[in-house]
Amino acid sequence: MNQSTPPIPAWGIPDPVRGVTGTEPLLAVDDLHVEFATRRGTVKAVNGVSYALNPGETLAVLGESGSGKSVTAQAIMGILDAPQARIPRGRIRFRGTDLLRLKEDARAQVRGRRIAMVFQDALSALNPVFTVGSQIAEMFRVHQGTSRRDAEARAVELMDRVRIPGARQRLHDYPHQFSGGMRQRIMIAMAIALDPEVLIADEPTTALDVTVQAQIMELLAEVQRDSGMGMILITHDLGVVADVADKIVVMYGGRIVENALVHDVYRTPAHPYTKGLLKSIPRVDRKGRELYAISGTPPNLLDMPPGCAFAPRCPYRQDNCTTEAPPLYRIGPTRGSACHYWREVLDGSHG
Amino acid sequence: MGRYILRRLLQAIPVLLGATLLIYAIVFALPGDPIASMYGDKRAPENVVNAMREQYHLNDPFIVQYWHYISGAFQGNFGRTFAGVEVSSIIASKFQVTLNLAFTALVMEAVIGVGLGLYAALRRGRAQDTMVLASTLVLISVPTLVTGFVLQLLLGVKLKQSTGIEFFPISGVADGLHSYLLPAFVLAGTSIAYLTRLTRTSLAETLRADYIRTAVAKGMPRRRVVGRHALRNALIPLVTYLGADLGTLMGGAVITETIFNLPGIGQELFRSVYERQQPVVVGIVTLLVLVYILANLIVDLLYAVLDPRIRYE
């Protein structure tokens with residue numbers, strides 16, 4: 001186990017509640033590595049990811065498919081595919097306890113109760129053969145031994161809270177009888193049932209249409225405000241992030257390439273990948289002009305290039321990029337960038 | 001729902017009619033003369049043959065013979081054997097034995113097949129899983145005829161000889177349920193193997209579903225994740241298979257009933273084909289077709305119970 005200090009220390013962001021920096025965060029991922037054994041070799045999905053989450057805070061984890069953002073979340077939840085996945089290094093400290101060192105039954109005490117998760121596609125994530133009421137009520141029945149009637153009553157309360165119209169009548173409906181947005185509300189109701197301290201939302205709006213996306217994000221933000229829990233919002237949509245997140249972690253090829261407070265990223269990205277992402281957002285004032293796209297394809301996790309994973313696609317690439325992997329340089333009190341040439345990126349040269 | 005059932009039952013009528021016509025034609029086409037075969041090696045007296053051919057309309061063209069049969073059937077008269085016994089009374093007396101046999105086999109299939117399948121699915125890739133898979137492969141490849149005789153010899157005859165205790169009766173139905181155990185196992189053999197494999201695949205598939213990951217993320221204990229969330233979904237294809245298999249088991253009873261000398265419709269069917277007792281063959285096979293149709297209807301209705309996404313209007 002790696003006991004040395006990670007390149008970037010825990011987030012030095014003033015905590016509004018405690019007012020101090022450097023205290024133990026609610027959840028801290030520390031130098032996490034996850035790999036999958038496949039027939040074609042070992043896929044290194046997460047390579048030394050560290051981030052921290054404080055109560056009441058929303059951390060956005062941004063990245064494209066295969067960047068390791070969901071795998072990191074699954075490692076926190078302890079729901080990685082059992083035989084293939086391996087965590088060779090790293091710690092996941094939840095209120096100071098390393099979850100990876102807990103026995104399975106102790107881990108199960110945390111799962112769903114103190115750290116809960118909302119999944120991307122609510123239609124496949126809800127069990128098709130049970131009523132939504134029973135799937136929500138199950139949280140109380142299994143974790144707290146509540147009677148069926150009380151559990152159902154609390155399920156109705158939760159469905160009201162996530163604003164499902166006619167909650168009582170819809171208690172005995174099945175997932176397929178709901179619209180996409182309503183199904184995602186049920187997922188959220190299920191996740192917040194036991195007032196978790198951390199809520200992980202894994203692309204909660206990807207499967208929904210745009211108007212519904214906004215409603216779901218608003219609901220998540222509201223639920224979080226009311227409860228003061230920490231939220232990890234996994235997304236590949238930069239537009240979603242700006243409104244709700246406090247800080248942001250950008251992942252590429254299983255590594256963090258940039259972390260920062262959210263407005264810093266939007267104003268001045270410090271990594272070419274982030275910069276490319278921001279430039280590829282369609283904008284009304286640039287209508288008619290060709291949309292920017294990051295050229296090339298994401299790296300093959302089975303065969304990672306030496307040096308910087310983004311180098312083959314990077315407009316700032318220099319010779320040493322393909323040989324030396326950049327560490328996560330600390331470029332400010334609350335910022336890090338894994339680019340040798342972060343100064344140039346910040347200055348906007350080569351743009 | 002009621003309309004759906006009614007429609008399905010109405011659809012069964014042309015199927016049954018078609019089945020009778022087909023079977024009637026097949027028995028008609030069999031070589032040899034039924035009257036002559038009654039006399040075995042001896043020559044049948046000319047006048048008897050003529051009288052019987054007249055009585056049973058055997059001189060009429062095929063379609064007229066069929067008309068005689070089917071119009072009788074609609075009036076509740078399913079014909080008589082050449083010995084003058086009513087077909088309906090034969091079926092009535094023998095059907096129970098086959099039903100007992102088929103249902104015992106079905107229960108064995110469900111319990112052993114699903115049980116072994118779950119066991120293998122939960123130990124996928126380990127030695128126990130491979131062992132279960134290998135043994136099902138053996139069970140599938142060996143024909144019922146062989147397993148029947150071998151088990152009859154080993155578990156029936158030899159075991160009794162060596163221990164002095166009769167674990168499994170090898171013939172007849174005198175001992176009630178006890179006497180059905182061995183034949184039912186033989187009858188169910190291949191089906192058990194198929195169901196085991198189907199259960200294993202179905203559960204393994206279900207365990208990979210997103211909603212299983214959700215159940216785990218909700219902090220549900222593994223017993224509940226597998227026993228409730230996965231099993232309810234994995235059961236759906238199994239029920240379909242079991243229902244459709246009831247018909248196969250009743251049809252497959254022909255060989256098993258003959259090996260174990262069980263007086264059921266399978267044995268009767270075997271003999272009737274041999275003796276060209278057309279009305280008996282048609283009566284029994286039509287009954288089997290009816291069982292098949294009803295079993296399938298029940299499966300389809302159960303489907304809607306197990307999977308709320310399916311609705312019949």
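Predicted model: local features only at pLDDT ≥ 70, side-chain atom pairs only at ≥ 80, totals over all residues.
Residues are numbered from 1 along each chain as its sequence is written, and chains are lettered from A, with ligands numbered from 1, in the order in which they are written. Local features need pLDDT of at least 70, side-chain atom pairs count only at pLDDT 80 or more, totals for chains, interfaces and linings use all residues, and side-chain values use heavy atoms, with hydrogens and water left out.

**Stop 1: chain A as a whole**

Select chain A and switch to cartoon. It has 12 helices and 12 strands. Both are DSSP runs numbered from the N terminus: helices are H or I with at least four residues, strands are E with at least two. The C-alpha trace spans about 65 × 55 × 50 Å along its principal axes. Of the 351 residues of chain A, 55% count as buried. Buried means under 20% relative accessible area, exposed over 50%, and partly exposed in between, with a 1.4 Å probe and protein chains only.

**Stop 2: salt bridges inside chain A**

A salt bridge puts a side-chain nitrogen of Lys or Arg within 4 Å of a carboxyl oxygen of Asp or Glu. The whole structure holds 24 of them over all chains.

Select A:Arg89 and A:Asp31. Their side chains form a salt bridge at 2.9 Å, N to O. A:Arg89 sits in strand β4 (residues 85-94) and A:Asp31 in strand β1 (residues 27-38), 58 residues apart. A:Arg89 is partly exposed at 35% relative accessibility. A:Asp31 is buried at 15%.

Next, select A:Glu104 and A:Arg111. The closest N and O atoms of this salt bridge are 3.1 Å apart. A:Glu104 is exposed at 52%, while A:Arg111 is buried at 6%.

**Stop 3: A:Glu197**

Center on A:Glu197, in the loop between α7 and β7 (198-202) of chain A. At 19% relative accessibility, A:Glu197 counts as buried. Its side chain makes a polar contact with that of A:Arg95 at 2.4 Å. A polar contact is a pair of N or O atoms within 3.5 Å; within protein, one must be able to donate a hydrogen and the other to accept it, and residues adjacent in sequence count only if both atoms are side-chain atoms. Beyond four places in sequence, the residues in contact with A:Glu197 (heavy atoms within 4.5 Å) include A:Leu26, A:Phe94 and A:Met229.

**Stop 4: the interface**

Show both chains. The contact takes 24 residues from chain A and 20 residues from chain B. A:Val129, A:Phe130 and A:Glu138 supply 28% of the area that chain A buries against chain B, more than any other three residues. Buried area is the accessible area (1.4 Å probe) that two parts lose on being put together, summed over both. Between them the chains bury about 2000 Å², 61% of it on carbon and sulfur atoms.

Which residue of chain B pairs with A:Glu138 in a salt bridge? Select B:Arg224: the closest N and O atoms are 2.8 Å apart. The interface has 2 salt bridges and 11 residue pairs in polar contact. On the chain A side, α4(A) gives the most, with 6 residues.

**Stop 5: inside chain B**

Select helix α11 (residues 265-275) of chain B. Its buried residues include B:Ile265, B:Leu269 and B:Ser272. Their cover includes α5 (87-122), α10 (222-259) and α12 (278-306) of chain B. Just after α11(B), B:Arg276 takes a positive phi of about 55°.

Finish on B:Arg200 and B:Asp129. Their side chains meet in a salt bridge at 2.7 Å, N to O. B:Arg200 is in helix α8 (residues 177-207) and B:Asp129 in helix α6 (residues 127-141), so the pair ties together parts 71 residues apart in sequence. Both B:Arg200 and B:Asp129 are buried.
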